[in-house]
Amino acid sequence: MVEAPRSNPLPAFIKRRLMKTNTLAPQSDASRVEAQSGHEPRYQIYRQARAGNFMPEFKTDSPVEAVEMFALIAPAFDGGAIRLWDHAAQHVSASVEWRPEQTAFGFVVYHRTNLFHDRLLGVLALHIAEREAMRQEIHRSLRLSA
């Protein structure tokens, strides 16, 4: 059985480079992104451990999911930090601030405040909070009418 001659799929300049260095020519940035198998999601939520290091807890490309999970995630310990990292912009988009207050009995209670450094995520958080309040009100009114 005789095989038909195959055409070489590599362009001439890559073949020359392959012959000289025994490696392929570098890929363009666009093809490098497509070739990456480990896609890094845009939004990542990190929670501080007692040792002080931050561990990834949640990753997503959706800003809605990121803001919802950021509001729901509890700290690893009292006063522990939580941060929402925007991988595309390479900055912290939101963080948690804890303010200690003393109760009438002398116990210290921490109050959580979500600080959104990205204005659009802050607006999105307000809409999500309004939607949740409306959902709870509807649920309460349905329970009372039954």
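Me: Which residue in E3 is the bridge partner of Ile45?
Reply: In this predicted model, in which local features need pLDDT of at least 70, side-chain atom pairs count only at pLDDT 80 or more, and totals for chains, interfaces and linings use all residues, the partner is Leu84. Residues are numbered from 1 along each chain as its sequence is written, and side-chain values use heavy atoms, with hydrogens and water left out.

Me: How many bridges do strands E1 and E3 share, and in which sense do they pair?
Reply: Strand E1 (residues 43–48) and strand E3 (residues 82–86) are paired over five bridges in the antiparallel sense. Two strands count as paired if DSSP finds at least two bridges between them; strands (E, at least two residues) and helices (H or I, at least four) are DSSP runs numbered from the N terminus.

Me: What is the strand order of the sheet?
Reply: The order is E2-E1-E3-E4-E5 in an open sheet of five strands, with antiparallel pairing. Strand E2 (54–60) and strand E5 (108–116) are at the edges with a single partner strand each, so one side of each has no neighbour in the sheet.

Me: Which strands does helix H3 touch?
Reply: Helix H3 (residues 63–72) packs on the sheet and touches E1, E2, E3, strand E4 (91–102) and E5. Contact here means heavy atoms within 4.5 Å.

Me: Now the hairpin: how many residues lie between E4 and E5?
Reply: Five residues lie between them, and Gly106 in the turn has a positive phi of about 95 degrees. E4 and E5 pair over nine bridges in the antiparallel sense, with Val96 opposite Asn114 in E5.

Me: Which residues of the largest nonpolar core touch the most other members?
Reply: Of its 13 residues, these are Tyr43, Ile45, Val67, Phe70, Ile82, Leu84 and Leu121. E1, H3, E3, E4 and H4 each supply at least two residues of this core. Such a core is a set of buried Ala, Val, Leu, Ile, Met, Phe, Trp, Tyr and Cys residues joined through side-chain atoms within 4.5 Å; buried means under 20% relative accessible area, exposed over 50%, and partly exposed in between (1.4 Å probe, protein chains only).

Me: What does Ile82 contact?
Reply: Leaving aside neighbours within four places in sequence, the contacts of Ile82 include Ile45, Phe70, Ala94, Val96 and Arg112.

Note on methods:
Axes fitted to C-alpha atoms, helices over the stretch in contact; angles between N-to-C directions.
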